[in-house]
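Visitor: I would like a close look at one part of this chain, and then at how that part sits in its surroundings.

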Amino acid sequence: MTAPVRTRSSEDLIRAEEPVLAHNYHPLPVVVSRAEGVWVEDVEGRRYLDLLAGYSALNFGHRHPALIAAAHEQLDRLTLTSRAFHNDRLAEFAERLAGLVGLDMVLPMNTGAEAVESGIKVARKWAYDVKGVPADRATIVVAAENFHGRTTTIVGFSTDETARAGFGPFAPGFRIVPYNDLAALEAAVDETTAAVLIEPIQGEAGVIIPDEGYLTGVRELTRRTGCLFVADEIQSGLGRTGRTLAVDHESVVPDVLLLGKALGGGIVPVSAVVANRDVLGVLGPGEHGSTFGGNPLAAAVGTAVVDLLETGEFQRRAAELGAVLRDGLTGLVGKGVVGFRSRGLWAGVDVDPALGTGREVSARLMGEGVLVKDTHGSTIRLAPPLTITEDELLNALATLERVLARSV
Ligand SMILES: Cc1ncc(COP(=O)(O)O)c(C=O)c1O
């Protein structure tokens, strides 16, 4: 990295945000001005290892050369057309993305929440047009502790009061059941059910991994009862867990896949609903859309992301280094860590509450040059870019050990 561009100090910039930015976040007090690979640099030139990776939007690291090259090339040619016209990048993106996950068709959107909203619309339309559910009666079964985004429909079926309180009234038509509980799911599904919508691993809840067989059970149940299995892989997908998708660990193919975050290569927001023709084919002209969805810049970057994933290298790295992460965390249990859950390069680490909240531990790690994010209570989440080296990962684990030892 070259020398930092000095403008205003971190302290000054943080203070300047207060009166002009909505206070809907409580960031750690670090002001990033540059980044490359797994490293970010603040305005004073201090370097930090990024173990959050933009909530998995940076699976390929910051400014991956192939992704930056694809973006530059496209920026110099064509950036936006809207879907009022065709653009010469979209067909390839859709073909390649659908091929990567073994489904037929793609509905391109931008943010994760939009993909979820779009998935809900597709499922309801399918329920009325194909399944024959009476008008306006469709239900969708979701899991407690879910996180699917921040729109009013989505927070309406959240079980997190902070996400919901003050934002009602909410859309009807959702049933909430405990996660990882097939019997509860079975009891909630009936002839009005359009879909079961779940995260194959619940990221924001603290990287909660369901029992082996749960995803297979959801697949079997949805097929048997005639409703759609919608898997929100916005955070768990695209290499994070050591496979292209988290559902691949049980060789399960959902009816509808929701993708986002890493699909935009850490450059532009790119999300997608991916499904077979018998499902996504229910949408006709005028029934859904997005000015920016499927724009040529997004399509070029998204295609370059598929190129990277097709090599298998990132999935392999996540699996191999995931074993290193698991071993390292196992060694920390009893040394400030009370438990953890991990799959691939993704872990929810429960720190002994006596040592501080997740936020406090994150702040101490920041002081030692490692950026992480707390989820709930005393849980921190580790999700480094999949490009991290073994040495960098071991160093981060050593830093965590040091920080937890000092906290005792
Ligand atoms: C599983 C899941 N779905 C949806 C979203 C929403 O994505 P976005 O913030 O891009 O709207 C997130 C974001 O964290 C997520 O983890």
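Which residues in H3 meet H11, and which residues in H11 do they meet?

Guide: This is a predicted model, in which local features need pLDDT of at least 70 and side-chain atom pairs count only at pLDDT 80 or more, while totals for chains, interfaces and linings use all residues. Residues are numbered from 1 along each chain as its sequence is written.

From H3 come Ala 66, Leu 67, Ala 70, Ala 71, Gln 74 and Leu 75. Across from them, H11 supplies Pro 296, Leu 297, Ala 300, Val 301, Ala 304, Val 305, Asp 307 and Leu 308. Residues are in contact here if their C-beta atoms, placed from the backbone, lie within 7 Å. Sorted by class, this contact has 12 nonpolar residues, one polar and one charged. In that count, Ala, Val, Leu, Ile, Met, Phe, Trp, Tyr, Cys and Pro are nonpolar, Asp, Glu, Lys and Arg are charged, and the others, Gly among them, are polar.

As for geometry, H3 covers residues 65-75, and its axis lies 9 Å from that of H11 at an angle of about 155°. The axes are lines fitted to C-alpha atoms, for helices over the stretch in contact, and angles between N-to-C directions run from 0 to 180 degrees. H3 is therefore roughly antiparallel to H11; angles under 35 degrees count as roughly parallel, over 145 as roughly antiparallel, 65 to 115 as roughly perpendicular and the rest as oblique. The crossing of H3 with H11 is right-handed, a label given when the near helix is turned clockwise from the far one by less than a right angle, with left-handed used for anticlockwise. The element names follow DSSP runs numbered from the N terminus, with helices (H or I) of at least four residues and strands (E) of at least two.

H11, residues 296-310, also packs with H4, residues 90-101, at an angle of about 30° and with the axes 9 Å apart. That angle makes H4 roughly parallel to H11, and the crossing is left-handed. In this pair, Leu 90, Glu 92, Phe 93, Arg 96, Leu 97 and Leu 100 in H4 meet Ala 299, Gly 302, Thr 303, Val 306, Leu 309 and Glu 310 in H11. The contact divides into seven nonpolar, two polar and three charged residues.

Domain 1 brings 28 residues to the contact and domain 2 brings 23. On the side of domain 1, the elements that give two or more residues are H2 (53-56), H12 (313-332), S11 (337-342), S12 (347-351) and S15 (379-382). H12 gives the most, with five residues. That side of domain 1 has 12 nonpolar, 12 polar and four charged residues.

Some single residues complete the picture. Gly 289 is in the loop between H10 (277-280) and H11.

Ile 176 is in S6, residues 174-177, and is partly exposed with 16 C-beta neighbours inside 10 Å. Leaving out residues up to four places away in sequence, Ile 176 touches Val 142, Ala 144, Phe 157 and Thr 159. Pro 169 is in the loop between H7 (161-164) and S6, and the peptide bond from Gly 168 to Pro 169 is cis, with omega near 0°. Asn 180, in the loop between S6 and H8 (182-188), has a positive phi of about 65° although it is not a glycine. With 19 other C-beta atoms within 10 Å, Asn 180 is partly exposed. Asp 136 also has a positive phi, near 65°, and is in the loop between H5 (112-131) and S5 (139-143). Asp 136 has 9 C-beta neighbours inside 10 Å and so counts as exposed.

Notes:
Contact = placed C-beta atoms within 7 Å. Buried ≥ 20, exposed ≤ 12 C-beta atoms within 10 Å, placed from the backbone.
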